[in-house]
Number of protein chains: 2
Amino acid sequence: MSLFFRRTMASAASLKQASKVVCVGRNYGDHIKELNNARPRQPFFFLKPPSSILLPGAGPVLRPKGVDMHFEIELAAIIGKQVRNLDPNDEKGALDAIKGYAMAIDLTARNVQNEAKKKGLPWDIAKGFDTFLPMSDFIPKNAIANPHDVEVFLKVNGETKQDASTNLMLFQIPRLFSDISRVMTLEEGDIVLTGTPAGVGPAVPGDTISAGIRVGGKELPEGRIELV
Amino acid sequence: MSLFFRRTMASAASLKQASKVVCVGRNYGDHIKELNNARPRQPFFFLKPPSSILLPGAGPVLRPKGVDMHFEIELAAIIGKQVRNLDPNDEKGALDAIKGYAMAIDLTARNVQNEAKKKGLPWDIAKGFDTFLPMSDFIPKNAIANPHDVEVFLKVNGETKQDASTNLMLFQIPRLFSDISRVMTLEEGDIVLTGTPAGVGPAVPGDTISAGIRVGGKELPEGRIELV
Ligand SMILES: [Mg+2]
Ligand SMILES: [Mg+2]
Ligand SMILES: [Mg+2]
């Protein structure tokens, strides 16, 4: 039991060694509508600092004063080897470059982000606070046969807020890796968040958040995130 | 000679191990004016991915097609120990947290950035292309007695484009570290770019860029950047 626990912790801890975390925006049509955003003609993305990663059991989310904090559940792909200038049609190349997955909550200071958008300023502060990237344990690659056919969900106080299939992604992983890797080389250990479906909303002090992933209707225990 | 060379390469290479690169925007009044930007009431900052770092001797800058690439010379502080929630008046704490410096060119896809600003989108693509962060060798801390009293410069084809004292920073390093570390913990090895003075402009294929730093009127050899 304790050996198992140590192994789990070790692989989760390695997530924090990522040289970067790349997050895709507006990748589910229904989420774009709910935020009144424009549908992108191509994927866009931004960075979260590895210092924002909150590993399982590493403590509570710290919501800074005055921040309207929103949750966004996302499937994260963990990069297993360098990816540069990937062809968008190279599905095999994209999936071969993945060494595993994790679930991730792209916590966002929505009021800070809205202000930044209005002023044309960067999103990195709104997205980058310490603890603003709770992650699950590492999910072995073989637990997810097809990353475009799993369900991701998030509940607040037991009530389902987000629950959608990843087959609703506007741009699938090969296209995402292609667009990202034509700008910035993806390195082993890097983390790519693939966007959030509809249902994002605020979490306030006292809320409990639980999130996870189902494959073929069955939840993967490694994909659990519990925040109290 | 070869030992010296190896040591230099090793410390420059360690720059690329940074867990994040934090860049301060609009930190010199004259540069704010030249870009018609608003003067910030507080420092703001964004991230560049470590994959964008171009070490000395590691090859040319790669300018993607269709990109209007601008140079911004900046003094970079290299973090020596964890900084979290620093008091803005804790000058000693800020300087104690620095293990050394480097010169850095915050290359920017200005057309991509302008488009992002207009649409309220993140800056990370405009700032994050591979090779868009040429850096000098590591500058030992004791070579710079006062980081707010050095001169940074950049020449294109031998013509001076930027040349200014860091005493023109709107927000000095303790305030920068304070504002950054209240959002994101700075870790050992992290790199903080302190903003660029006036004179930014485009670099086109065939241009040679040289940049560096003077202390007491004398150039520091470790701070040299040469791009052809
Ligand atoms: Mg998101
Ligand atoms: Mg690292
Ligand atoms: Mg800059």
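This is a predicted model: local features need pLDDT of at least 70, side-chain atom pairs count only at pLDDT 80 or more; totals for chains, interfaces and linings use all residues.
Let's begin with how the two chains sit together. What about the surface they use to meet? Of the interface residues of chain A, 96% are also interface residues in chain B, so the copies meet through the same surface.

Now for the metals. In chain A, the magnesium ion (ligand 1) has three protein donors: A:Glu72 and A:Glu74, each through OE, and A:Asp106 through OD. Along the chain, the donors follow the spacing E-x1-E-x31-D. If you look for the two glutamates, you'll find that A:Glu72 and A:Glu74 are both buried.

Over in chain B, the magnesium ion (ligand 3) is coordinated by B:Glu72 (OE), B:Glu74 (OE) and B:Asp106 (OD), at 2.0 to 2.2 Å. The spacing of the donors of this ion (ligand 3) reads E-x1-E-x31-D. B:Glu72 sits in the loop between strand E4 (69–71) and strand E5 (73–79) of chain B, while B:Asp106 sits in the loop between strand E6 (98–105) and strand E7 (108–109), so the pair ties together parts that are 34 residues apart in sequence. Both B:Glu72 and B:Asp106 are buried.

Next, the aromatic rings. How many aromatic pairs turn up over all chains? A search of the whole structure finds six. One of them joins A:Phe46 and A:Trp123 in a tilted arrangement, 5.4 Å centre to centre with 50° between the planes. A:Phe46 belongs to strand E2 (residues 44–48) of chain A, and A:Trp123 to the loop between helix H4 (110–119) and helix H5 (124–128), so this pair ties together parts that are 77 residues apart in sequence. At 2% relative accessibility, A:Phe46 counts as buried, and A:Trp123 is buried too, at 4%. Another tilted pair is made by A:Phe129 and A:Phe132, with 5.1 Å between centres and 50° between planes; both of these residues are buried. Going back to A:Phe46 and A:Trp123, ring pairs link them with A:Phe44 into a cluster.

Strand E2 is worth a look in chain B as well. Five of its five residues (44–48) are buried. Both faces of E2(B) are covered, with B:Phe44, B:Phe46 and B:Lys48 on one side and B:Phe45 and B:Leu47 on the other. Strand E1 (residues 21–25) of chain B runs antiparallel to E2(B), joined to it by five bridges. Across from B:Phe46 you'll see B:Cys23.

In soluble globular proteins, nonpolar side chains tend to be buried together. Here the largest nonpolar core has 137 residues, and those touching the most other members are A:Ile105, A:Phe177, A:Ile191, B:Ile105, B:Phe177 and B:Ile191. Take A:Ile191: beyond its neighbours within four places in sequence, its contacts include A:Leu15, A:Val22, A:Ile53, A:Ile78 and A:Met135.

For a contrast, where does A:Gly217 lie? It is in the loop between strand E14 (209–215) and strand E15 (218–219) of chain A. A:Gly217 is exposed, with a relative accessible area of 55%. From A:Gly217 to A:Ala94 is 25 Å, C-alpha to C-alpha, and 123 residues in sequence.

Notes:
Residues are numbered from 1 along each chain as its sequence is written. Chains are lettered from A and ligands numbered from 1 in the order in which they are written. Side-chain values use heavy atoms; hydrogens and water are left out. Donors are N, O and S atoms within 2.8 Å of the metal (3.2 Å for Na, K and Ca); water is not among the atoms, so sites may look incomplete. Buried means under 20% relative accessible area, exposed over 50%, partly exposed in between (1.4 Å probe, protein chains only). Rings of Phe, Tyr and Trp (its six-membered ring) pair if their centres lie within 6.5 Å; planes under 30 degrees apart count as stacked, over 60 as edge-to-face and the rest as tilted. Helices (H or I, at least four residues) and strands (E, at least two) are DSSP runs, numbered from the N terminus. A nonpolar core is a set of buried Ala, Val, Leu, Ile, Met, Phe, Trp, Tyr and Cys residues joined through side-chain atoms within 4.5 Å. Contact means heavy atoms within 4.5 Å. Two strands pair if DSSP finds at least two bridges between them.
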